[in-house]
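Dear colleague,

Please find the structure below, followed by a short account of what was found in it.

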There are 2 protein chains.
Amino acid sequence: MAIQDEMRDLALRSKAASRGLARLSSAEKDRALSAMADAILAAAPALKTANEADLEVGRSLGLSGAMMDRLALDDRRIAAMAQGLREVAALPDPVGRILDERIRPNGLRLRKIAVPIGVVVIIYESRPNVTADAASLCLKTGNATILRGGKEALNSNRLIASTLVAAARAAVPGFPEDAILVVPTSDREAIPALLSQTDCVDLCMPRGGEGLIRAVTACSKVPVIKHYKGVCHVYVHAAADLGMAEEIVFNAKCQRPSTCNAAETLLVDRSVAARFLPCVTSRLLGKGVAFHADPEALPGIRFGAGNRPVEAREATEEDWSTEYNDYVLNVRVVADVDEAIAHIHRHGSAHSDTIVTADTVVAGRFLQEVDSAAVYWNASTRFTDGAEYGMGAEIGISTDKIGARGPMGLEELCTYKWQGFGTGQVRV
Amino acid sequence: MAIQDEMRDLALRSKAASRGLARLSSAEKDRALSAMADAILAAAPALKTANEADLEVGRSLGLSGAMMDRLALDDRRIAAMAQGLREVAALPDPVGRILDERIRPNGLRLRKIAVPIGVVVIIYESRPNVTADAASLCLKTGNATILRGGKEALNSNRLIASTLVAAARAAVPGFPEDAILVVPTSDREAIPALLSQTDCVDLCMPRGGEGLIRAVTACSKVPVIKHYKGVCHVYVHAAADLGMAEEIVFNAKCQRPSTCNAAETLLVDRSVAARFLPCVTSRLLGKGVAFHADPEALPGIRFGAGNRPVEAREATEEDWSTEYNDYVLNVRVVADVDEAIAHIHRHGSAHSDTIVTADTVVAGRFLQEVDSAAVYWNASTRFTDGAEYGMGAEIGISTDKIGARGPMGLEELCTYKWQGFGTGQVRV
């Protein structure tokens, strides 16, 4: 079958499955999830065998050690997958929540109610545990899902999906056979072909590196929710508690630099730069942070380093928009909150930005004007995360404005519809 | 300037204006709207002169009488524009609403708050009054807007926009000069060029015929919210109050057939078809409705017509998916609610569908399973409308699932962001 036809077929099957999922009760979905957890544990030997074949592919492709590690399934990871399924089962069902309700003068009662989106395509790299994770969140929210993992993980992914569906079908009569589909080919043309099925596919969520996400977005004809990267800022205002500011900068940069909500850039008001930069530099040097700074900030950084060796150079224009995922920090001295906001709008990724200040008026302006998914006052950027927000589960983070924004949990995997309850009302 | 550069410039100016709009208070926005209303009235003579030039273009293009009527501005329409601006000023500000709030165990307070989307492109046909209408709703919600009306309305649209902005700038210091922009060319290439500015344009809303909307959607690289057409269904279930069903069918089809929420198809359960079809046919014939029906429904329709002439023929496959915007009704006999829902999913446009029944279980299934923006029980499909929903104003109707769904008022012209209020919290 030509790839276009093959993807058409996949999309149609998924859409049909989504109709079946929309009929399931909360109890049925949770029963399916529990059965899936049991089945994943029982299938551990088979999963490791399938994964061995993938690891063989990975070796032949010359994957790096880190990539090979992400690809590997062992008993610990299989147990974690099962545990994840049980945790999702235990969460409240987001479908059916009443988001708004009104009774019109003619007696018509209108309800805005959370409902499944329909068919969700998830594109990700390597890690087969994402397969169970994404499938469980989509199932909990009544969505059919089409999964496309890394080509080197195809054997593992297909077996995980078929194990999950078989378990769910055994536990829940009427559970749709195509509720969780894996794109059965690693053909690169599969993605544009799948993402042109506008009448079947309702949403695509790519997860991974910026290159992957840009490629998916460029070819998609269906809505995409994503974030390209996290270039997050800590702005230390003139009226900041500098001790607090130092803690926040250190945490935002160093607590886990590989994450998208880690800070890449420190902006500091001119009036406190001379006091603040040496202190914060000294602290960051303990973690071996390198600095890309504007000429005005460099002396303070070098002074803070004292006799210690410091990697500090002038920042390039490109640096200001770079996500390092590493112990590297851009530093710029700014005149005031206006200059800070302008810098963030020009160079940021609209992900997470924070101001440290004791001035409520300035903080209010920052919170209102900075056009990012998450803005903080006197807190680390690292909090932009489903678990930290109390969402129970996270499927990704969005810097988009149409649809979900910020951390995406179960509620963000729903759309809504309007239900009208009448007693024969007609329009006059 | 090449069209790509010209649209880039327009998009950048609009994005900069959106930053300024995000800083305005509710009172400033409302003061601007009131000043705009006064200015539109004061500019009536100039507007009519500009409109004369457009009407001249329209005549030279050989526009139909109906199109020429839609293009024309007279004192009544100008007064209505001013009145519309005042009404929008009087509505509550949807920006700043707290949609969710939670305090985390670490003391971090999180707020999900309604904010402007940013830059909204609105594409529409002819009617220059839409220019003031759309601009006012976008301004109220703090969005910058780029308007693209019909090419024959360019003179009117440009003068309306410049009048609005001049008035707002006189009334509100700092009101951004580029808050309301009109695409200054009727070059067809302007639309794809504008809708490829993904870093500036946040949303496009096309309004008009299905052809226009499909063309816009096909070329856009930014999110589009739209409905292509309204193929709405009335399903008369076996347990319906047939008198109520007749009123609802009549209203849904005949009260205003040109609207997208008018019904195009009647589905009726086999067990009541013989009783219901003659009655409803007789009623609809009073409005000269023509029928496209399945073979099983045709005899009941012909019987209901009695001696009166009736236009009734067998429905084609295409008919079931056609929006007539006219006194034409598809009729199909179905076995049960499953067959009705399957028909709606296969042929409908996911706009508005209703069931008439006294059976609460069946109604519940219909309301849950029919995957449309608005689903009704014992009410006309004609209620899908911003005013009928109590939204105060409507900028369009969406059958999309990502972003707004159903009628779109002011709240639907907002997105949200997360604000975190800390006291120095860092992630552990």
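The model is predicted: local features need pLDDT of at least 70, side-chain atom pairs count only at pLDDT 80 or more, and totals for chains, interfaces and linings use all residues. Residues are numbered from 1 along each chain as its sequence is written, while chains are lettered from A and ligands numbered from 1 in the order in which they are written.

Helices are DSSP runs (H or I, at least four residues), numbered from the N terminus. Helix 2 of chain B contributes B:Lys29, B:Ala32, B:Leu33 and B:Ile40 to the contact, and helix 6 of chain B contributes B:Ala132, B:Ser136, B:Leu139 and B:Lys140 (C-beta atoms, placed from the backbone, within 7 Å).

Chain B superposes on chain A by a rotation of 180 degrees with 0.0 Å of shift along its axis, at RMSD 0.0 Å (least squares on C-alpha atoms of residues with pLDDT of at least 70 in both). The two copies are thus related as by a two-fold rotation axis. In chain B, the C-alpha of B:Gly403 is nearest the axis, 2.2 Å from it.

Chain A is assigned domain 1 (3-226) and domain 2 (232-383), with bounds from an automatic or database assignment. Their centres, taken over C-alpha atoms, are 37 Å apart.

With kind regards

Definitions and conventions:
Contact = placed C-beta atoms within 7 Å. Helix = DSSP H or I, 4+ residues; strand = E, 2+ residues; numbered from the N terminus.
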